[in-house]
Amino acid sequence: VVFVGLTAFTVLIGTSVAQVMKKESDITLTQASHRYAEHVLTIFREMDSLTKSTANIISLDLGSHHANMQDTIDDLSTSFDSSSYAEYAYIYLLDPNDSFKNSDYITKNNHFALFLVDTNRNLKNGIEVYKTTEAFLADTSIKDVITTKKPTIGEPKHYNINGKDVFATDIAYPLINNGKLLGVVGYMYNLNHMTTYLDSKEFSLFKGDVRYILSAESRLATHHNPQYWGKKLGEFNTNPTTKLALEAIQNKHYTIRGEETKAIITPFSIGELGTWYMFVNAPLDEIQKPMRILVYEIIGVSVVVLIILLVCVYMITNRLVTARLGRLSGLLLAFFKYINHEEKRAPNVIPPTSNDEIGTMASAINSNILKTQQGLQRDAEAISEAANTAKSVENGDLTVRIKQNPNNPQLIELKNVLNN
């Protein structure tokens with residue numbers, strides 16, 4: 001009964017602990033995912049706000065008759081230099097005036113384009129201006145903004161900037177004055193910084209967990225393996241969890257439980273530019289490890305408790321039952337030897353130690369030993385007197401009688417016969 005009870009208790013506790021830890025792991029992953037997403041949003045909100053205000057300022061300047069290239073570059077440089085996160089910026093004008101045309105920044109189709117690099121984001125006045133290439137312009141969000149006349153956030157991709165491979169995304173706004181599209185201005189963020197941030201060991205919740213960001217088109221904006229940057233999630237990873245992740249985004253069900261992993265997806269909207277996704281993935285084996293350890297500890301404690309209980313039951317049983325029964329058995333054997341005349345002395349009675357069944361048996365045995373001892377003593381005295389009487393009769397004295405009353409009924413009958 002004790003074993004069954006402890007087993008049931010262990011199973012009940014283990015099941016309850018498993019359910020609680022399952023909920024806690026969901027909460028932990030969800031909170032972490034929200035925290036990471038909020039950090040990313042801080043970056044994109046600043047860039048979005050700054051790009052929008054820069055577009056408004058330059059649009060007003062370009063709408064005036066006094067617009068000139070240097071003022072436009074200065075406005076863009078000043079605004080760009082105030083950014084805490086943007087590392088690159090660009091401007092593209094569809095129909096620049098003569099002030100812009102007499103420069104080295106005119107493209108083959110007579111448009112004006114240049115990009116800026118912040119050589120040190122922690123210091124002011126570190127802005128450098130460069131000519132663009134057709135490939136660079138094609139990679140940016142310029143075409144999408146010109147087509148839609150709406151701001152946008154670009155998909156994460158690799159850019160060739162001054163011969164350097166930069167994995168980045170851009171936020172671009174149209175330059176519009178009096179309803180006329182004048183061009184596009186945009187800021188770029190180096191996503192390698194975000195990867196470094198998310199891959200920090202201090203954010204690791206479970207061994208082997210992964211944190212990365214998916215764009216609106218499910219392209220990897222961050223990942224600990226650079227070869228996957230910019231690729232769609234399903235292009236390089238075809239395991240069942242990836243399929244579940246893509247379905248979760250489509251169905252807006254952001255908790256994923258695969259056979260080997262658990263993942264939490266947190267969507268975050270970057271203003272009106274679109275929705276990206278923070279993805280936190282952890283191995284189920286590592287998530288369940290604390291639960292397994294706790295269950296093993298509960299089982300271990302239960303086994304120890306069971307052993308202690310069995311030892312206690314054995315000791316109590318041995319003391320209250322087995323030992324007392326042994327003493328009663330010895331008393332009975334000694335008593336049998338006594339009544340069988342194997343022993344001349346009656347055994348000493350054992351005082352009962354409790355009023356239970358064994359105590360009642362001991363009292364009954366003690367009482368019968370005393371009665372038997374007294375009866376045998378009376379019989380012995382009667383027999384001794386009968387022998388003396390027989391000798392008197394043998395000597396001719398017929399008046400003698402046996403006066404001692406024996407205990408044995410047959411001896412009583414013999415006494416009566418001899419006396420009569």
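Which residues of S8 point one way from the strand, and which the other way? Val-210, Tyr-212 and Leu-214 point one way, Arg-211 and Ile-213 the other, and all are buried. Buried means under 20% relative accessible area, exposed means over 50%, and partly exposed lies in between, with a 1.4 Å probe and protein chains only. I'll come back to that strand.

First, the ground rules. This is a predicted model, with residues numbered from 1 along each chain as its sequence is written. Local features need pLDDT of at least 70, side-chain atom pairs count only at pLDDT 80 or more, totals for chains, interfaces and linings use all residues, and side-chain values use heavy atoms, with hydrogens and water left out.

Now the whole chain. There are 11 helices and 11 strands. Those are DSSP runs, numbered from the N terminus: helices are H or I with at least four residues, strands are E with at least two. The radius of gyration is 51 Å, while a compact globule of 420 residues would have one near 22 Å. That radius is taken over C-alpha atoms, and the globule rule is 2.2 Å times the number of residues to the power 0.38. Along the principal axes, the C-alpha atoms fill a box of roughly 175 × 40 × 35 Å. Of the 420 residues, 39% count as buried.

Next, contacts and surface. Take the contacts with a separation of 6 or more: residues 24 or more positions apart account for 56% of them. Contact here means heavy atoms within 4.5 Å.

Charges, quickly. The chain carries 40 positive and 44 negative side chains. The centres of the two sets lie 10 Å apart. Lys and Arg count as positive, Asp and Glu as negative; His and the chain ends are not counted. Each charge is placed at NZ of Lys, CZ of Arg, CG of Asp or CD of Glu.

Back to S8, residues 210-214. Five of its five residues are buried, so S8 is largely enclosed by the rest of the structure. Its partner is S11, antiparallel, through five bridges. Two strands pair if DSSP finds at least two bridges between them. Arg-211 stands opposite Val-280 in S11. Leu-214 stands opposite Tyr-277.

What about S11 itself, residues 275-283? Seven of its nine residues are buried, so S11 too is largely enclosed by the rest of the structure. S11 also pairs with S10, residues 261-269, in the antiparallel sense over nine bridges. Thr-266 stands opposite Met-278 there. S10 and S11 form a hairpin with five residues between them. In the turn, Gly-271 has a positive phi of about 60°.

Follow the chain on from S8. Ser-218 is in the loop between S8 and helix H7, 233-236. Is Ser-218 buried or exposed? Buried, with a relative accessible area of 13%. Leaving out residues up to four places away in sequence, Ser-218 touches Lys-231, Lys-232, Leu-233, Leu-246 and Ile-249.

S6, residues 164-177, and S7, residues 180-190, pair in the antiparallel sense over 10 bridges. Two residues sit between them. Asn-177 has Lys-180 in S7 as its bridge partner. Asn-178 is in the turn, with a positive phi of about 55°, although it is not a glycine. Most residues other than glycine have a negative phi. Asn-178 is exposed, at 79% relative accessibility.

How many residues of S7 are buried? 10 of the 11, so S7 is largely enclosed by the rest of the structure. S1, residues 88-93, joins S7 through six bridges and runs antiparallel to it. Tyr-92 stands opposite Val-184 in S7.

Asn-110 has a positive phi of about 65°, and it is not a glycine either. Asn-110 lies in the loop between helix H3, 98-101, and strand S2, 112-118. Asn-110 is exposed, at 52%.

Last one: Asn-192, in helix H6, residues 191-198. Asn-192 counts as partly exposed at 33% relative accessibility. Beyond its neighbours within four places in sequence, Asn-192 is in contact with Phe-167 and Trp-229. Asn-192 and Thr-222 are 30 residues apart in sequence, yet 7.2 Å apart in space, C-alpha to C-alpha.
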